[in-house]
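Please examine the sequence and the model shown below.

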Amino acid sequence: MQTDRRHFPVWLWYALLCIFWWGLWGFLSKIGSAAASPLQMQILFTLGMLPVAGGMLLQMRWKLDRDRGGVTYGILCGVATGLGTLGYYAALREQNVSLVTPVTGLFPVLTVILAFVVLHERLNKVQIGGMLLALASIVIFSI
């Protein structure tokens, strides 16, 4: 994949937007967790997603792909995200956001391990070392 060196890559803009919105979500989650239970936060989170989904459906003219794999993995992604978010909200009720968020932010380590084992993606020594350091950060954060 080539990139034009004169332009900021589009994927990086999207990634930065993701960081901004997820960072705001983490902050708002901590404030909300003081006033609502993890179950209620998850329900309200889901209701908050409905306008976003509605806007996307409008843009797609209410036409969803019917590929079985896409539907299955899309729904599984939603279930996994919902359960993970529920755990996040529960952790926020017990601990500071400054500890919970970095620790839960290590979820890509599992993603990379699964990609290695299941999809046979390659990892180099530097990437493996980075994952080990990321895992060690859990111990450092909890001190």
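A residue is called buried when its relative accessible area is under 20%, exposed when it is over 50%, and partly exposed in between. In this predicted model, Cys18 has a relative accessibility of 26% and is therefore partly exposed.

How many disulfides does a search of the whole structure find? The search finds zero. A disulfide requires two cysteine sulfur atoms within 2.5 Å. The cysteine sulfur closest to that of Cys18 belongs to Cys77, and because the distance is 14 Å, the two are too far apart for a bond. Seen from Cys77, the closest cysteine sulfur is in Cys18, again at 14 Å and too far for a bond.

We turn now to the helices. Two packed helices are described by the angle between their axes and the distance between those axes.

Helix H1, residues 10-33, packs against helix H3, residues 68-94, at an angle of about 55°, and their axes are 9 Å apart. With this angle, H1 is oblique to H3, and the crossing of the two helices is right-handed. On the H1 side, Trp25, Gly26, Ser29, Lys30 and Ser33 take part, meeting Thr85, Tyr88, Tyr89, Leu92 and Arg93 of H3. By class, this contact of H1 with H3 holds four nonpolar, four polar and two charged residues.

A second pair is formed by helix H4, residues 97-104, and helix H6, residues 125-142, which pack at about 170° with axes 10 Å apart. H4 is therefore roughly antiparallel to H6. Here Ser98, Leu99, Pro102 and Val103 of H4 meet Ile138, Phe141 and Ser142 of H6. The contact of H4 with H6 comprises five nonpolar and two polar residues, with no charged residues.

Conventions: Residues numbered from 1 in each chain as written. Predicted model: local features only at pLDDT ≥ 70, side-chain atom pairs only at ≥ 80, totals over all residues. Heavy atoms only, no water. Buried < 20%, exposed > 50% of the residue type's maximum accessible area, 1.4 Å probe, protein only. Axes fitted to C-alpha atoms, helices over the stretch in contact; angles between N-to-C directions. Helix = DSSP H or I, 4+ residues; strand = E, 2+ residues; numbered from the N terminus. Parallel < 35°, antiparallel > 145°, perpendicular 65-115°, else oblique. Contact = heavy atoms within 4.5 Å. Nonpolar A, V, L, I, M, F, W, Y, C, P; charged D, E, K, R; others polar. Left-handed = near helix turned anticlockwise from the far one by under 90°.
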